Amino acid sequence: MLAFDGVSLFHLTVPETVLGTSFASPGCPLYKIDYCAVTPGMVCTDTGLQIRVPDGLNALAQADLIIVPAWEDTEARAPDALTEALREAHSRGKLIVGLCLGAFVLGDAGLLDGRQATTHWVAREAFARRFPTTNFRPDVLYVADGNIVTSAGTVAAIDCCLNLVRERHGADAANRTARMLVTPPHRQGGQAQYIEQPVPHFPCESRLPGVLEWALEHLSESLTVDVLADVAHMSRRSFTRRFREATGTTLTKWLNAQRVVRAQQLLETTELPIEHIAHEVGFGTPLSMRQQFAAQLGTSPSDYRRTFCNTRRAGL
């Protein structure tokens, strides 16, 4: 984790909270978080709290994963020593993440040229102006392009870090971590950065009490607006409006996302045939499931299973 004067205390602690909480198995932490700075010593965060950062940029050479939190000033170019260290780390294949305005630092290092990237929506104009060769995705929560990952602002940092756990260690590890943090286990990176109402964290907060939970228990069935409206004891029109207010998306998109999540779990933890899994999660046919995996995860069910079966066997 990079630290610097004015660093967001929230973003500085999110990776520690998520990655430090994630477990390959109970009692076995996956990650040890270290902090570094261009100049080691005392660093003052955006809240005024001072922290001691013991390591300089040489620590990046030993890191498997490098995270740059939100940069303080979108018009202030990152120091040459930092951008050079990031380019060196990138040349060695390190996974580098820019949280929120941290994407500006990756851009200053030239790591976003020709790549997909995002940042906080309030800085979209500055980002597009400063990095015109980047394939800018201003409306998504987070996006990965090769070994470079960028995220939108604030809570999207949690989503991004949870997705790192999911991609590197599987859905079960990400879900266990999310349960420990009492947060939703997965929001797809392509979801819009802002919606009319926050995604509810608990059933009691939802304007559709019990309905989303019921749908998750019946994913294998044909779930339509009319079916769920009946379960909610609402008119079709009222249900549609309240569903979008509660989730920020349509029923079809929400169901497809939940079905992919459930399919990921089955692919990782069982040897069920893909045809069986497609039926079990409600896609009906392997073709439909392949199309959703391609759209949401950029891979196929077979390749996903192969990757995470190998991950489990390696004990990661």
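Start with the lining of the largest cavity: by class it has 5 nonpolar, 1 polar and 1 charged residues. Here Ala, Val, Leu, Ile, Met, Phe, Trp, Tyr, Cys and Pro count as nonpolar, Asp, Glu, Lys and Arg as charged, and the others, Gly among them, as polar. The model is predicted: local features need pLDDT of at least 70, side-chain atom pairs count only at pLDDT 80 or more, and totals for chains, interfaces and linings use all residues. Residues are numbered from 1 along each chain as its sequence is written, and side-chain values use heavy atoms, with hydrogens and water left out.

**Stop 1: the cavity**

Select Tyr 142, Ala 144, Val 149, Cys 160, Asn 163, Leu 164 and Glu 167, which line the largest cavity. Strand S9 (142-145) and H5 each give two or more residues to this lining. H5 gives the most, with 4 residues. Helices (H or I, at least four residues) and strands (E, at least two) are DSSP runs, numbered from the N terminus. The space inside is about 30 Å³. A search of the whole structure finds 1 cavity of 30 Å³ or more.

A cavity is a set of points, on a 1 Å grid over the protein atoms alone, where a 1.4 Å probe fits but cannot get out; a pocket is an open set with protein on both sides within 12 Å along at least five of seven lines; lining residues have an atom within 4 Å of a point. Grid points are joined across faces, edges and corners, and a volume is the space filled by probe spheres set on the points.

**Stop 2: the second largest pocket**

Now colour by element. Helix H1 (9-19), strand S5 (65-68) and helix H5 (156-169) each supply at least two residues of the lining. S5 gives the most, with 3 residues. By class, the lining of this pocket divides into 14 nonpolar, 2 polar and 5 charged.

**Stop 3: aromatic rings**

Show the rings of Phe, Tyr and Trp (its six-membered ring); they pair if their centres lie within 6.5 Å, with planes under 30 degrees apart counted as stacked, over 60 as edge-to-face and the rest as tilted. The count comes to 8 aromatic pairs. Pick Phe 293 and Tyr 304. Their ring centres are 6.0 Å apart and their planes stand at 80°, so the pair is edge-to-face. Phe 293 sits in helix H12 (residues 286-297) and Tyr 304 in helix H13 (residues 301-313), 11 residues apart.

Buried means under 20% relative accessible area, exposed over 50%, and partly exposed in between (1.4 Å probe, protein chains only).

Then select Phe 104, Phe 127, Phe 131 and Phe 136, which form one aromatic cluster.

**Stop 4: two positive phi values**

Most residues other than glycine have a negative phi. Go to Cys 100, where phi is positive, near 60°. Cys 100 lies in the loop between strand S6 (95-98) and helix H3 (103-108). At 6% relative accessibility, Cys 100 is buried.

Move on to His 233, which is not a glycine but has a positive phi of about 60°. Its loop runs between H8 and helix H9 (236-247). His 233 is exposed, at 73% relative accessibility.

**Stop 5**

Select Ser 222, in the loop between helix H7 (211-217) and helix H8 (225-232). Ser 222 is exposed, with a relative accessible area of 61%.

Thr 133 is in the loop between helix H4 (124-130) and strand S8 (135-136). Which residues does Thr 133 touch, not counting residues up to four places away in sequence? Thr 133 touches Leu 112, Asp 113 and Gly 114. Contact means heavy atoms within 4.5 Å. Arg 115 is 18 residues from Thr 133 along the chain, with 8.1 Å between their C-alpha atoms.

**Last stop: the whole chain**

Zoom out. The chain has 13 helices and 10 strands. Buried residues make up 49% of its 316 residues. Among contacts between residues at least 6 apart in sequence, 60% join residues at least 24 apart.
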